[in-house]
Amino acid sequence: MLALLRGDTAARPRFDPELAGGLRAWLEDAAYEVVATRGEHAPPVFLGAGQLLGPPAGWRDGDALSEELLLSRLVHALFRQLVNEGGFDHPLRDALDGLRASGAEPLVRHIESLAPPARSALSETVASHAATMREMVPRFAPGWMPRTSDRVAIPLAGGRVVLHGSFDLLVGLPHPGTASLCALGLSTSGPWARERRCLHYLALLETLRSGTPPFRLALLETATGRYGVEDVREEHLRAIASHLCAWLATGPHG
Amino acid sequence: MADRLTDALVAPLADVDPSSWAATLEEAKGTLAGLAVRRAGAGPFRVTGHEIRAALSSDATELAAQLPFAWSARTSRRALGLAAVRLLVAGDARSPVEAVRARLEESCHWVRDGSPCASQLDRWLAGLSPAGRAAVGAEAVTWATRLWCALDWPALGSTLTIGRDRWWDSPHSALLALRGRAEVRTDRANLVVLSGPRRESVRAELALVTLVDSLRARDGAVPGRVVGWWPDSGHLVRVEPEPAVLTLGAEAVGLVLGAAGAPVRSPA
């Protein structure tokens, strides 16, 4: 995976410097239509991948603590530890300690209060995902500047529509005019096509933030070990921007 | 991004009319003196950018309803991230990961050795399990990497101050103090890392940095510009050192203390 992520460093793609401006103009037009419909003083619309692309498999609306969500939070906590420390000892215990230090006390208490069989089953599942990550996630040299949970929030229409998301992992140093960042996303429940589009959505947000998209996206499914790496293309960005505009025009935000 | 943000910090400052500046500064001092006297007996009050945001923003209720402070990966990331960036700027670490790790180890040493350098944050860190410390470190690495990668550091010159807040204590009341927060200070600019949504109050929040620097300057010198930067979105907001900014800052302090009747004006 490391070799696939790195690729040929001499052949980093250059993107049209007008691309980001064009995408922003397109989205701003759509966002202002939303403002015109909802009114200037309506609360902002916060639009993440969950609203845009639907929830991941198994996540239920209105149920903040579904098994899939718990698993996702635990696996992502372990992933951060793996990237920064290079490993972990006891997957469930380490993940809970990580979440506790991150201020997610209610979640930790909920997991700790599970009946022993349920907790044992969760521990086994987490261990299985952890084993996949240990095998598949490469060690990133500090010089690659790996950073986890890098949040992006792009305000449109003067902040009345906010597009937001979070990269599970970004590596690379930004270079103006050249795509030089690489993003890795984790999926604990799929479906694959949705998770791939989530990465395209994040690539669009990065384009709006820095003016240049990441050059490469990787997706790892921690349940199965399936992974894929793809270059970011203008078509991906235009397709997801088009989907966003359609959502803004017809979505349930009125 | 690196170029745009660095350019905002190193761009030459426009000339400011000294007499107009001095007159407005005296006016601001007068406003603050009045506020201090009126608050006598009301208990100590420290005005920071957070209080200005809470007083002026539409999300004031939300801000006021925040839970009591507790250390977490999120609340510690700035302190640890700044310490890491200091190590990077000094050449004592080669990457944010290495720098944050060094800072976390330092905490543990200080607490274990009973060093007087150990702060409340250090004691909290030392009490965490290795996995808990890893989560805190990961959050700080992300914070530090974003700042480290956002600037062309050599272009900022050699007189850099990383993460030193500046305080101004009212000479009229020991109970009133203002805090100017900036993550990076050069001889001509201050960089303030912002979070949360873009908001109308941000210019007043940044004006406080200018006001504090101006009040502290013994020779009445005009301070540098203040550049606010949202890492989440890449947006910048520049507040140039103009007399109107002093007025804006003093009025915002007045609103925080609930003593000003006039609405806060934006500088032209």
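I started with α6 of chain B and listed its buried residues: B:P96, B:V97, B:A99, B:V100, B:R101, B:R103, B:L104 and B:S107. I note that I am working on a predicted model.

I then asked what these residues pack against. On the chain A side, I found α4 (67-85). In chain B, the partners are α5, α7 (120-126) and α8.

I checked the length of α6(B).

**Contact between the chains**

I looked up how the chains meet. I found 29 residues of chain B in contact with 32 residues of chain A. On the chain B side, α1 (2-10), α5 (73-89), α6 (96-113) and α8 each supply at least two residues. Helix α8(B) gives the most, with eleven residues. By class, I count this side of chain B as 14 nonpolar, nine polar and six charged residues.

**Core**

Next I went to the largest nonpolar core, which has 141 residues. Those with the most contacts inside it are A:L78, A:A183, B:A84, B:A144 and B:A252. Helix α8 of chain B (residues 130-150) gives the most to this core, with twelve residues.

I followed up A:A183. Leaving aside neighbours within four places in sequence, I found A:A183 in contact with A:F167, A:L169, A:L170, A:L199, A:L202, A:A203, A:P214 and A:L217.

**A helix pair in chain A**

I turned to α8 (residues 192-210) and α9 (residues 234-250) of chain A. They pack at about 95°, with their axes 9 Å apart. That makes α8(A) roughly perpendicular to α9(A). From α8(A), I listed A:R197, A:H200, A:Y201, A:A203, A:L204 and A:T207. They meet A:H236, A:L237, A:I240 and A:A241 in α9(A). This contact has six nonpolar, three polar and one charged residues.

**Positive phi in chain A**

A:S149 has a positive phi of about 50°, although it is not a glycine. I place A:S149 in strand β2 (residues 147-156). A:S149 has 18 C-beta neighbours inside 10 Å, so I log it as partly exposed.

A:A157 has a phi near 50°, again positive in a residue other than glycine. I find A:A157 in the loop between β2 and β3 (161-171) of chain A. I log A:A157 as buried because 21 other C-beta atoms lie within 10 Å.

Notes. Residues numbered from 1 in each chain as written. Chains lettered and ligands numbered in written order. Predicted model: local features only at pLDDT ≥ 70, side-chain atom pairs only at ≥ 80, totals over all residues. Core = buried A, V, L, I, M, F, W, Y, C linked by C-beta atoms within 7 Å. Buried ≥ 20, exposed ≤ 12 C-beta atoms within 10 Å, placed from the backbone. Helix = DSSP H or I, 4+ residues; strand = E, 2+ residues; numbered from the N terminus. Contact = placed C-beta atoms within 7 Å. Axes fitted to C-alpha atoms, helices over the stretch in contact; angles between N-to-C directions. Parallel < 35°, antiparallel > 145°, perpendicular 65-115°, else oblique. Nonpolar A, V, L, I, M, F, W, Y, C, P; charged D, E, K, R; others polar.
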